[in-house]
Amino acid sequence: MATMYAAASASSMLVARPRLPKTINCSAGLPYLPPRPSVSSFSTSIRNYPESSSRFSTLRVKAEETSSGSVEVNDIVEDLKEKWDALENKSTVLIYGGGGLVALWLSTVVVGAINSVPLLPKIMELVGLGYTGWFVYRYLLFKSSRKELAADIESLKKKIAGTTE
């Protein structure tokens, strides 16, 4: 009896599994995409189609090249070179920059560790949502509190810049 049950369950498992082709062509189901244009800046224009063509109105976006607002890379590089040459303590800037990169890396490691704990990311999202709600209520909702926030920001700017008037 046990042998017949095992044979029956094995044969039903064989029947239940779908057969896969021996070679799988991954690109068969993907649509053809045209090559990307090598233009750096685009402007868009949106055109509405009548709702009779489909249930929802569709938008068509057309990209056009624009030359206004382009920034020369050489100007940026020249400006950075001038600022770097004007610095007196280049080693201090490098140490602070390296410390900033290490802090960024360490923070990504900590956030990754927190995300791996099952329930903790959702709790952190709730804490962030609660703090955001409190901040909006405390500083952004009323005109007087917005003025208070602007004054606090200005005093912090003065502390950082070292100018006390």
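The model is predicted; local features need pLDDT of at least 70, side-chain atom pairs count only at pLDDT 80 or more, and totals for chains, interfaces and linings use all residues. Residues are numbered from 1 along each chain as its sequence is written, and side-chain values use heavy atoms, with hydrogens and water left out.

The secondary structure comprises 5 helices and 2 strands. Both element types are DSSP runs numbered from the N terminus: helices are H or I runs of at least four residues, strands are E runs of at least two. From the N terminus on, the order is α-β-β-α-α-α-α.

Helix 2 covers residues 73–86. Its expected span is 1.5 Å times one less than its number of residues. For its 14 residues this gives 20 Å, and the end C-alpha atoms are 20 Å apart, so the two values agree. Helix 2 is hardly covered, with a count of 0 buried residues. It also holds a salt bridge, between Asp79 and Lys83, whose closest N and O atoms are 3.9 Å apart. A salt bridge is defined as a side-chain nitrogen of Lys or Arg within 4 Å of a carboxyl oxygen of Asp or Glu. Asp79 and Lys83 are 4 residues apart, about one turn of the helix. Asp79 is partly exposed at 35% relative accessibility. Lys83 is exposed, with a relative accessible area of 52%.

The count of salt bridges comes to 3. Another joins Arg138 to Glu148, with the closest N and O atoms 3.0 Å apart. This pair links distant parts of the chain: Arg138 lies in helix 4 and Glu148 in helix 5 (residues 143–161), 10 residues apart. Arg138 is partly exposed, with a relative accessible area of 31%. Glu148 is partly exposed as well, at 33%. Within helix 5, the side chains of Glu154 and Lys157 meet in a salt bridge at 3.4 Å, N to O. Glu154 and Lys157 are 3 residues apart, which means a separation of about one helical turn. Glu154 has 41% relative accessibility and counts as partly exposed. Lys157, at 49%, also counts as partly exposed.

Aromatic contacts come next. A pair of aromatic rings is described by the distance of the centres and the angle of the planes. Rings of Phe, Tyr and Trp (its six-membered ring) pair if their centres lie within 6.5 Å; planes under 30 degrees apart count as stacked, over 60 as edge-to-face and the rest as tilted. The structure holds 4 aromatic pairs. In one of them, the ring centres of Tyr131 and Trp134 are 5.6 Å apart and the planes are at 35°, so the pair is tilted. Tyr131 and Trp134 are 3 residues apart in helix 4, about one helical turn. Trp134 is partly exposed at 42% relative accessibility. The rings of Tyr137 and Phe142 have centres 6.2 Å apart and planes at 75°, so this pair is edge-to-face. Tyr137 is exposed, with a relative accessible area of 54%. Phe142, at 45% relative accessibility, counts as partly exposed.

Ring pairs link Tyr131, Trp134, Phe135 and Tyr139 into a cluster. The charged end of Arg138 sits over the ring of Tyr139, 4.7 Å from its centre. The criterion is NZ of Lys or CZ of Arg within 6 Å of the ring centre and within 35 degrees of the ring normal. Arg138 also forms the salt bridge with Glu148.

A nonpolar surface patch of about 510 Å² is made by Val117, Leu119, Leu120, Ile123, Met124 and Val127. Patches are made of residues with over 30% relative accessible area and no salt bridge; like charges are joined within 9 Å, nonpolar side chains (Val, Leu, Ile, Met, Phe, Trp, Tyr) within 5 Å. Accessible areas come from the Shrake-Rupley method with a 1.4 Å probe; for residues, only the protein chains shown count as cover. Leu120 is placed in helix 4 (residues 120–140).

Key: Buried < 20%, exposed > 50% of the residue type's maximum accessible area, 1.4 Å probe, protein only.
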